[in-house]
Every structure is written in structure tokens, then in C-alpha cells.
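Below is a short briefing on one protein model. It covers backbone details first, then packing.

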Amino acid sequence: MSRMVTIKDVAKATGVSPSTVSRVIADNPRISPDTKKKVRKAMKDLGYHTNISARNLVVKSTKAIGVIMPSSADKALQNPFFPEILRGIGSVTHRMKYSVTLSSGQTEEEIYEEVQRMVFGSYVDGVILLYSRLNDRVTNFLIERGFPFVIVGKPYENVNGITHVDNDNFTAGKEITEHLIDQGHEKIAFIGGSKDLFVTIDREAGYEAALQEAGHEVSDSYKIHTEFLKSGGREAVENLMSLKTPPTGIVVSDDLMSVGVLSMLEESGVKVPRDVSLVSFNNVYLSEIILPALTTVDIQIHELGAQSAKALIEKTVNKTEPVKRISIPYEIVYRDSVSRLP
């Protein structure tokens with residue numbers, strides 16, 4: 001068996017001191033980008049990471065799991081969905097005496113580097129991804145390393161090979177849109193978050209299926225994608241309400257965006273549900289305290305978190321744990337944001 005590559009080997013190959021190599025591994029900001037690049041390339045070429053991982057296999061469990069936010073943690077945590085899912089995760093980790101490390105990167109690049117540090121530094125036994133997006137570097141990296149992880153949402157590829165916890169977002173999207181159709185609405189718009197997030201794709205596909213089955217037109221001008229934040233919702237509304245035939249119903253893919261949509265409609269003198277009916281997803285606590293209270297899909301956020309933590313810990317304890325798809329039931333909560341069209 002070949003001997004383990006050490007920090008000294010990397011130092012020798014790059015002509016820097018072993019302490020500089022250590023600082024590159026710790027991502028010390030004092031080290032220049034060029035040096036980092038050179039050292040990281042040598043580490044990769046020499047197979048240094050592999051040996052770190054091999055060494056860490058003999059180290060006992062860290063009793064910690066990593067939780068990875070989608071894009072910027074700053075933005076994500078403004079959405080009540082994330083604190084609530086963390087509460088669900090925490091209810092299980094607390095009981096099992098595990099700690100939680102939360103990603104705090106602002107960009108996809110920073111989050112990717114953070115996950116690499118968690119994995120290569122053996123800071124955590126496994127990670128939960130709180131999103132599922134197309135061609136995600138983090139997911140691909142975890143698969144390559146064979147590192148235990150669980151996705152909240154539906155994996156983009158290899159659905160049967162990745163343990164994941166989700167709702168049936170397609171059927172939920174269809175059902176909530178059918179509720180508007182049952183109330184006499186035909187011109188129905190969709191406001192969604194990022195187009196590469198699976199949850200948005202599924203909910204939108206359900207919305208389209210409901211319209212098609214009812215024989216109503218699916219119009220591109222009625223579909224808007226924007227950030228999962230209040231500001232995004234405002235812009236979306238301006239575009240929709242200035243159309244020649246504005247919609248009488250709107251499906252919004254997230255309660256926090258609905259708050260923005262509501263306030264924008266108010267400012268434009270459009271009353272909900274008198275002039276426009278609004279339905280949404282997630283059932284975060286905000287949805288019942290705003291006026292009008294939102295008709296929304298309760299996806300049981302706390303349970304999504306608890307089940308993902310449970311599944312991940314099972315995987316980290318038992319490497320032969322089979323792949324699971326855990327589907328959390330949803331239900332529609334009918335409140336005051338929908339009216340019947342005459």
C-alpha cells in the first residue's frame with residue numbers, strides 16, 4: 001500500500017513551508033490567492049484529501065451534523081421556513097445528543113468551500129441539504145466522496161439512490177390551483193422562486209397540469225420567477241397587474257413572497273380577495289396573522305426537519321442503511337384570501 005501523503009510532501013512539491021500548507025487548508029485570509037491555488041492543485045494531484053478522509057475514518061463519530069442552506073444564509077433565514085425546519089432538525093439532534101453546524105456562506109462558491117471544510121476536516125458525520133437544485137456542486141461533491149447526506153426536496157438525478165424527505169409538491173400545486181378553478185377562476189398566474197430549485201419546478205408543474213385538465217390556457221405572461229423575498233414579490237405583481245387581461249387568481253410558491261404580493265396589491269388599490277384571490281405554500285406562522293389570512297398548503301415544515309435529521313443520523317450510524325424516500329403528507333388550510341368569482 002502506498003504511504004500516506006503528508007503536509008510535508010505538499011510543501012516540498014510546491015516550494016512553500018509546511019505551515020503555509022496548513023494555513024491554506026484552514027483557508028487563512030493572509031495567504032495569497034495564487035499560493036492557495038498552487039497548494040490546492042498539489043494537494044489534489046498528490047491525493048492529499050483522500051488520505052485525510054482515510055485517516056478520519058478511524059476517528060470516532062463527531063456527533064455533529066452539518067445543515068446547508070440554499071445560497072445566502074442571510075437571505076434564507078429571513079424566510080420563516082428555515083427557522084422552522086431548523087427547529088424540527090434540532091428536536092431530533094437534541095434528543096440524540098448531536099450538535100448542528102449551520103452553513104453561513106453568502107454565495108454558492110462560499111457554501112461549496114464550507115462543505116468541503118466540513119467533510120475534509122471531519123467536522124461533521126453527515127449533512128442535510130435544505131434544498132434540491134439542478135446541477136448542484138455540493139450534491140455532486142458529496143456523492144463523489146461517498147459522504148452521508150440527506151436532501152430536503154426531490155433530488156434532481158438518481159432519485160432512487162439518494163435519501164430524501166419531501167412533500168408531493170406536484171400534487172399539492174395541482175390541488176391548490178384546482179381550488180381556485182373550483183371557485184370560478186380561469187385566468188390564474190403563478191409567482192415562483194428560483195427556476196433551478198426543484199420545489200418551484202414541481203409546484204409550477206402541478207399548477208400547469210390543473211389548468212390544462214380544466215381546459216384553461218397556460219400563458220407564459222402569467223408565470224413569473226423571482227426571489228423568495230418580499231421585494232421579489234412586489235416586482236412580480238407590478239408586471240402581472242399591468243397586463244391587458246390581469247389574472248383573477250394567483251398561486252404563489254411561498255408564503256413569504258405572498259406577504260410581499262399582498263402589500264404590493266394593497267398599494268396598487270387591488271383588494272384581496274375582492275379583486276384577486278391568492279393561494280400559497282408552506283403555512284408559516286405569518287400566513288395566519290396577516291390580513292387577509294392566507295389559504296395555503298401546510299407542508300409540515302417541522303416534520304420535514306425532524307425526519308431528515310432522523311434519516312441522516314441513521315445513515316451515519318449504519319453505513320448499510322438503505323436509501324429512503326420519506327414523503328411528508330400536506331394539507332390545504334382554507335382561510336380568507338380566496339373569493340368565488342361571480
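Helices (H or I, at least four residues) and strands (E, at least two) are DSSP runs, numbered from the N terminus. The model is predicted: local features need pLDDT of at least 70, side-chain atom pairs count only at pLDDT 80 or more, and totals for chains, interfaces and linings use all residues. Residues are numbered from 1 along each chain as its sequence is written, and side-chain values use heavy atoms, leaving out hydrogens and water.

**Positive phi**
- Serine 122, in the loop between helix H7 (108-120) and strand E3 (126-129), has a positive phi near 50°.
- Serine 122 is partly exposed at 24% relative accessible area (buried is under 20%, exposed over 50%, partly exposed in between; 1.4 Å probe, protein chains only).
- Asparagine 135 lies in the loop between E3 and helix H8 (137-145); its phi is near 45°, and asparagine 135 is exposed at 57%.

**Cis peptide bonds**
- Valine 272 and proline 273 are joined by a cis bond with omega about 5°; proline 273 sits between helix H12 (255-267) and strand E9 (277-282), in the loop.
- The bond from leucine 291 to proline 292 is also cis, omega near -10°, and proline 292 is in the loop between helix H13 (286-289) and strand E10 (295-298).

**Nonpolar cores**
- A nonpolar core is a set of buried Ala, Val, Leu, Ile, Met, Phe, Trp, Tyr and Cys residues joined through side-chain atoms within 4.5 Å.
- The largest has 64 residues, of which Leu130 and Val251 touch the most other members.
- Helix H14 (residues 301-317) supplies the largest share of this core, seven residues.
- A second, separate core of 20 residues includes Val115, Val119, Phe120 and Leu142.
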